[in-house]
Amino acid sequence: MSKKYAICFSLLLVAGVARSQTRNQLFLSAVEKENIQHHSILCDTTDHRFCLVAISPDEKALFDTNSVEKTFQLNDTLSETVTVHFTSLPIIHIQSENISTEFSNGHFLFYDPADSVPLAFDIDVRWRGATTLARPKKSYAVKLKDAKGEKLNHSFLGLRSDNSWILDAMSIDKARMRNRISTDLWNDFSTASYIRAFEPTALNGTHGQFVEVFYNHRYQGVYCMTEKIDRKQLQLRKFKNGQMRGVLYKTNKWNTLVATSPIPSNAQSIWNGIEISYPNLEDGEPVDWSPLLQIMDFLTNSSASELRRELPQRIDLDVWRDYFLFIELLLAEDNDCKNQCVYFYDATNSSSLFGIAPWDLDHSWGRDYQGNALEANKNFLLYNRVHTCLRTYYGSYNYVKERYQELRTNELRTDSLKARFHRVFQLYRENQVDEREELRWNGQDDIVLDFDAEEEYIQQWIDQRLAYLDAKYDFDEELGIRQTVASASPYYTIRVSKGMLHIQATKAMQLQVSNLQGNDVYRKNMQEGESVDLSLPCGIYLVNKAKLFVP
């Protein structure tokens, strides 16, 4: 192409872009002047398929439809007809010119379906997260501020009053709900933190609500507006007179909590994948690594007798037990030695215990951190040093067995777990959130979105996961009691140790050991008094057709 024609082509291209921008500006101006039932309409000016209005379910029922055709008059001669969809989810519109991983100024509009007038705030906003930063659908950290630039607290959707909020993109999760459902389950069943004895409102979890988000007039999809795990949520003691008291650490990278060297300096806030989240060194608050180093030293170097004597005075025993059962249920492999919030209510008090709260649970319920499928009968290997010490303290590999059996008749019932997911899938369907999410993000980063297929996958996975754990922890859901296991046979006695199955015949019999697929692992005709020691990989086996778990 000659230089002359190249210049002409460039001018035509610029003119085309200018006309497109002008049309978008006219469209935006026309939309902002319109409403449906006094609720503001929000439109994606780049893709007009995403035009929404947030109205209450009662108002939506009056229309008897999920959408309406709307014609916007752009000027005297130009108009645009689009489909405006109704949603009962709140809508958030973020506007910022220079968003990045650093905070920048912006504006925040909150459209509540129950209110015709949106709430407007000045904000500081940035992208947040680690793996999600590389993905096109980004999460946001938002801080509300007043006209003077000071922090401004506000409560949304029944959540806590605060100035700092997370908009979780859930971009890895093919269901766009795993993290929220998991944390809500934790809130419902886990033993309350010991901090409750001092601070009745303390919570070692978060609450959140699903919303739909626009960024600079571009539809971004469904998000979860979430509280933070911080000093305020846990009600940790504030530092006083220059001394750190309550302390919160976050494991952002893999760390087994085994004592190691060299030890960190109090001039650094990050060490070996662990960050001191509170106090905040950058804000000039004093930090101290010694509470964490001391508990890690105790967990690593204590004898079995010391652990059995002192562990309840050092860690929040029941909460840690519930945590390991929780992540085993979810098969949340990314949360054993990572994505944890560990804390002391008051590190200056020797009776303050080492506690834990879960965080970032997208890798769960049959999907890994990349969205790949996980087999429901996969054995979950726990490397966390606290888990090792709990096994020693209880004198049992399956120290969570009784707790599992108790919860399986309550919060961990099969129908209850399935219903948690079904309610959110139905919420998405009723508001066509699933259709918009698929339209906007399907195929991005090789993540295929099919909400109907994903619900079916999760429901089947729950059945399979619970069947695996029921066999491991001797539970029969139909009876609501322990299973009759192989060790109860009148023909033989069984002792199980790690990787070993010890069987002694009390009567002459034929012994058959097989795996869950029905394949023989061992078969022998045994005489009375005869014994056999079998070395077996960790898993569930059938001993003469009775289930038994080998750790």
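1. Let's start with D474, which is buried in this predicted model. Its relative accessible area is 7%, and because the cut-off for buried is under 20%, D474 falls on the buried side. You'll find D474 in the loop between α12 and β18 (475-476). Have a look at its backbone too: phi is near 55 degrees, a positive value in a residue other than glycine. As background, most residues other than glycine have a negative phi.

2. D446 also has a positive phi, about 65 degrees, although it is not a glycine. Is D446 buried or exposed? It counts as exposed, because its relative accessibility is 73% and the line for exposed is drawn at over 50%. D446 sits in the loop between α11 (433-441) and α12 (451-472).

3. Two peptide bonds deserve a click. The one joining S261 and P262 is cis, with omega at about 0 degrees. P262 belongs to the loop between β13 (247-251) and β14 (270-271). The bond from Y278 to P279 is cis as well, and here omega is near 0 degrees. P279 is placed in the loop between β15 (274-278) and α5 (290-301). For context, most peptide bonds are trans.

4. Now for the cavities. How many of 30 Å³ or more turn up in a search of the whole structure? The search finds 3. The largest has a volume of about 110 Å³, and its lining includes F324, L325, E328, H387, Y397, K472 and Y473. Helix α7 (residues 317-330) gives the largest share of that lining, with 3 residues. Sorted by class, the lining has 8 nonpolar, 2 polar and 2 charged residues.

5. Y397, one of the residues lining the largest cavity, is worth a point of its own. Where is Y397 placed? Look in the loop between α8 (385-394) and α9 (401-407). Y397 counts as partly exposed because its relative accessibility is 25%, which lies between the 20% and 50% limits. Leaving out residues up to four places away in sequence, Y397 touches R391, F549 and P551. If you want a distance to check, Y397 and P291 are 106 residues apart in sequence and 28 Å apart in space, C-alpha to C-alpha.

6. The second largest cavity holds about 90 Å³ of space. Its lining takes in R135, P136, K137, S171, R176, W441, Q444, D445, I447 and L449. By class, that comes to 4 nonpolar, 2 polar and 4 charged residues.

7. Last, a sheet. Here 3 strands form an open sheet in the order β20-β21-β24, with antiparallel pairing. Why is one side of β20 (492-497) and of β24 (531-535) left without a neighbour in the sheet? Both stand at the edges, each with a single partner strand, so each has a side with no neighbour there. On average, neighbouring strands of this sheet are turned by 15 degrees against each other, direction ignored. Strand β21 (residues 500-505) is joined to β24 by 5 bridges, and the two run antiparallel. To see how they line up, find I503, which stands opposite V532 in β24. In general, strands of a sheet pair through backbone hydrogen bonds.

Key
Residues numbered from 1 in each chain as written. Predicted model: local features only at pLDDT ≥ 70, side-chain atom pairs only at ≥ 80, totals over all residues. Heavy atoms only, no water. Helix = DSSP H or I, 4+ residues; strand = E, 2+ residues; numbered from the N terminus. Buried < 20%, exposed > 50% of the residue type's maximum accessible area, 1.4 Å probe, protein only. Contact = heavy atoms within 4.5 Å. 1 Å grid on protein atoms, 1.4 Å probe; cavity = no way out; pocket = protein on both sides within 12 Å on 5 of 7 lines; lining within 4 Å. Points joined across faces, edges and corners; volume = space filled by probe spheres on them. Nonpolar A, V, L, I, M, F, W, Y, C, P; charged D, E, K, R; others polar. Pairing = 2+ DSSP bridges. Axes fitted to C-alpha atoms, helices over the stretch in contact; angles between N-to-C directions.
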